[in-house]
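Here's a quick briefing to read with the model open beside you. Have a look at the fold, then work through the points below.

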Amino acid sequence: MRLDQRGDSAHSIAMTAEDHDFSHLDRFGRAAANVSRNPRLAVNIVLGAGVVLAWLLLGAMAIRGAESRVPGIDAPGDMMLRYLPGLPLPDLLERFFTLCLAPASLDGGVGAQAGALIVMWFLMAVATMLPSAAPMIRTYCEIADTARIKGEAVVHPLILVAGYLSVWLAASAVFAALTLIVHAFASSVQMLDPVVGATGAAALLVAGLYQFSGMKEACLTKCKSPFSILFSNWSARPGRIFRLGMAQGVWCLGCCWALMLVMFAVGVMNVFWLALIGLFTLVEKQTEGRLPTRVAGAILLVWATALLVVLA
């Protein structure tokens, strides 16, 4: 398929002849019809709503965690979180928050807590990693627009996004398992606990070293330049586009998995550091050169060394 560079304006002109009259529908019906024939708009709405919902749930969970901790052994940002208004939430969400924040499995059993932790880590991935995948999704939409102008079959972009998120769902299961292992061996969830402290220092060390690795550079290059991969693997088959989304998810995971480990050093539900990691991954994927990557790696290594000295 040869690319047509006419863009959205050409797409609008090409589609004019195919427009239908939705005047018999009410306002909401016309809005739904317009969204259904504009995949890019549908993708923006769905992804935007998903990211906002993920941040709202993580914020509510962080507030509950700050309220449950004993004053004097606060996690970073707890004092600010306590001043935020507490909203009444359904019992299901309260139970979910309790399972995620508990240092040991509750009466629901380890299976219930593992499931809750997987959902929690997945929400963290949606909140922090999905925005940085915007260039990849936008590139796919642009190629899809060109294909539609030429009258070719196009797989909806949300299929690509589903493949991408499936990789992070699998990664969330691994992060959840690590969380359970740390909680099982730690006597408390405080950083000065030997197990928690050692885990945090190891996470910072691994994350710092990985920032200088060839694998990090290769994955980051793929994340920065998705066009060639998407174009060369273009298909009108949903299964292949889903696998293409998985492939892009693997590259993104390869780029960011070590940074997610930093959450073990700062507190898994520290929304301030979570936002910082999300912002950094966005900047890292949009910036030419490796300066941000190397600076972050150096900071993480110094931090790991300092934590090891404190624990010694």
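Let's start at Gln211, which sits in the loop between helix H9 (194-210) and helix H10 (214-224); helices here are DSSP runs of H or I with at least four residues, strands are runs of E with at least two, and both are numbered from the N terminus. Gln211 is buried, at 0% relative accessible area, where buried means under 20%, exposed over 50% and partly exposed in between (1.4 Å probe, protein chains only). Bear in mind that this is a predicted model, so local features need pLDDT of at least 70 and side-chain atom pairs count only at pLDDT 80 or more, while totals for chains, interfaces and linings use all residues. Residues are numbered from 1 along each chain as its sequence is written, and side-chain values use heavy atoms, with hydrogens and water left out.

**Around Gln211**

- Setting aside residues up to four places away in sequence, Gln211 touches Lys216, Leu259, Phe280, Glu284, Arg290, Thr293, Ala296, Gly297 and Leu300; a contact means heavy atoms within 4.5 Å.

**Salt bridges**

- How many salt bridges does the model have? The count comes to two, taking a salt bridge as a side-chain nitrogen of Lys or Arg within 4 Å of a carboxyl oxygen of Asp or Glu.
- As background, side chains of opposite charge can pair when their charged atoms come close.
- One of the two pairs Glu284 with Lys216 through their side chains, at 3.2 Å from N to O. This pair links distant parts of the chain, with Glu284 in helix H14 and Lys216 in helix H10, 68 residues apart.
- Both ends are tucked away: Glu284 counts as buried at 1% relative accessibility, and Lys216 counts as buried at 0%.
- Arg290 forms a salt bridge with Glu217, and the closest N and O atoms are 3.4 Å apart. Arg290 lies in the loop between H14 and helix H15 (291-311) and Glu217 in helix H10, so this pair ties together parts that are 73 residues apart in sequence.
- Here the two ends fall into separate classes: Arg290 is buried, with a relative accessible area of 14%, whereas Glu217 counts as partly exposed at 39%.

- Lys285 is in helix H14 (residues 271-286).
- The Lys285 side chain does make a polar contact with the side chain of Ser132, at 3.1 Å. A polar contact is a pair of N or O atoms within 3.5 Å; within protein, one must be able to donate a hydrogen and the other to accept it, and residues adjacent in sequence count only if both atoms are side-chain atoms.
- Not counting residues up to four places away in sequence, Lys285 touches Ser132, Leu220, Cys223, Lys224, Cys252, Cys255 and Cys256.

**Helix H5 and Phe96**

- In helix H5 (residues 91-101), Phe96, Phe97, Leu99 and Cys100 are buried. They cover an arc of only 165 degrees around the axis, which puts them on the same side of H5; the arc is that of the directions from the helix axis to the C-beta atoms.
- Phe96 itself counts as buried at 14% relative accessibility.
- Beyond its neighbours within four places in sequence, Phe96 is in contact with Met61, Ala116, Val119, Met120 and Leu123.
- The C-alpha atoms of Phe96 and Ala116 are separated by 6.1 Å, and the two residues are 20 apart along the chain.

- Ile159 belongs to helix H8 (residues 157-185) and counts as partly exposed at 30% relative accessibility.
- Ile159 touches Pro238, Ile241 and Phe242, not counting residues up to four places away in sequence. Its C-alpha atom is 6.8 Å from that of Pro238, 79 residues apart along the chain.
- Arg40, in helix H3 (residues 39-68), is partly exposed, with a relative accessible area of 22%.
- Arg40 and Leu158 are 9.4 Å apart in space, C-alpha to C-alpha, and 118 residues apart in sequence.

**The whole chain**

- The protein chain has 15 helices and zero strands.
- Of its 312 residues, 41% count as buried.
- Among contacts between residues at least 6 apart in sequence, 77% join residues at least 24 apart.
- The accessible surface comes to about 15700 Å², of which 69% belongs to carbon and sulfur atoms; areas come from the Shrake-Rupley method with a 1.4 Å probe, and for residues only the protein chains shown count as cover.
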